[in-house]
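Morning, everyone. I have one structure to walk you through today. Please take a look at the screen.

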Amino acid sequence: MTTEIKRFTIEEVAKHNNENDLWIIINHKVYDVTKFAKLHPGGKGVLVEVAGKDCTKEFYGLHNHDVINKYESKF
């Protein structure tokens with residue numbers, strides 16, 4: 001069984017740029033963190049600031065590399 005990977009353009013991700021529809025890019029992968037935003041330990045504002053964007057640099061500036069591995073299956 002093969003799993004097809006859905007691909008998104010930067011323009012498609014950029015449309016999901018608010019607290020009610022919040023996607024981010026980390027390491028070339030797209031994550032829908034809309035529901036997680038209200039639970040984010042740093043507050044949803046931090047995620048809203050990078051909504052619709054590639055925030056890889058910002059993410060790793062604040063998180064250890066194990067964090068994405070631990071949580072990515074939930075998004």
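Let me start with a question: where is Asn27 found? Asn27 sits in the loop between β2 and β3, and β3 covers residues 29-32. Keep in mind that this is a predicted model. Now, the backbone. Asn27 has a positive phi, about 55 degrees, although Asn27 is not a glycine. And its surroundings? Asn27 is partly exposed, with a relative accessible area of 36%.

Next, His28. His28 is also found in the loop between β2 and β3. Its phi is near 65 degrees, again a positive value in a residue other than glycine. Is His28 buried or exposed? His28 counts as exposed, at 77% relative accessibility. The cut-off for exposed is over 50%.

Now step back to the whole fold. How many helices and strands does the protein have? Four helices and three strands. Read from the N terminus, the order is α-β-β-β-α-α-α. The radius of gyration is 12 Å, close to the 11 Å that the globule rule gives for 75 residues, so the protein is as compact as a globular protein of that length. Along its principal axes, the C-alpha trace spans about 40 × 30 × 20 Å.

What about contacts along the chain?

Let's go inside. Of the 75 residues, 27% count as buried. The largest nonpolar core has twelve residues. Here they are: Leu22, Ile24, Ile26, Tyr31, Val33, Ala37, Leu47, Val50, Ala51, Cys55, Phe59 and Ile68. Which element gives the largest share of this core? Strand β2, residues 21-26, with three residues.

Pick one core member, Ile68. Which residues does Ile68 touch, leaving out those up to four places away in sequence? Ile68 touches Ile26, Tyr31, Phe59 and Tyr60. Find Ile26, Tyr31 and Phe59 in the core list too.

The accessible surface comes to about 5900 Å². Carbon and sulfur atoms hold 54% of that surface. Then the charges. The protein has 11 positive and 11 negative side chains. The centres of the two sets lie 4 Å apart.

Methods: Residues are numbered from 1 along each chain as its sequence is written. This is a predicted model: local features need pLDDT of at least 70, side-chain atom pairs count only at pLDDT 80 or more; totals for chains, interfaces and linings use all residues. Side-chain values use heavy atoms; hydrogens and water are left out. Helices (H or I, at least four residues) and strands (E, at least two) are DSSP runs, numbered from the N terminus. The radius of gyration is taken over C-alpha atoms; the globule rule is 2.2 Å times the number of residues to the power 0.38. Buried means under 20% relative accessible area, exposed over 50%, partly exposed in between (1.4 Å probe, protein chains only). Accessible areas come from the Shrake-Rupley method with a 1.4 Å probe; for residues, only the protein chains shown count as cover. Lys and Arg count as positive and Asp and Glu as negative; His and the chain ends are not counted. The place of a charge is taken as NZ of Lys, CZ of Arg, CG of Asp or CD of Glu. A nonpolar core is a set of buried Ala, Val, Leu, Ile, Met, Phe, Trp, Tyr and Cys residues joined through side-chain atoms within 4.5 Å. Contact means heavy atoms within 4.5 Å.
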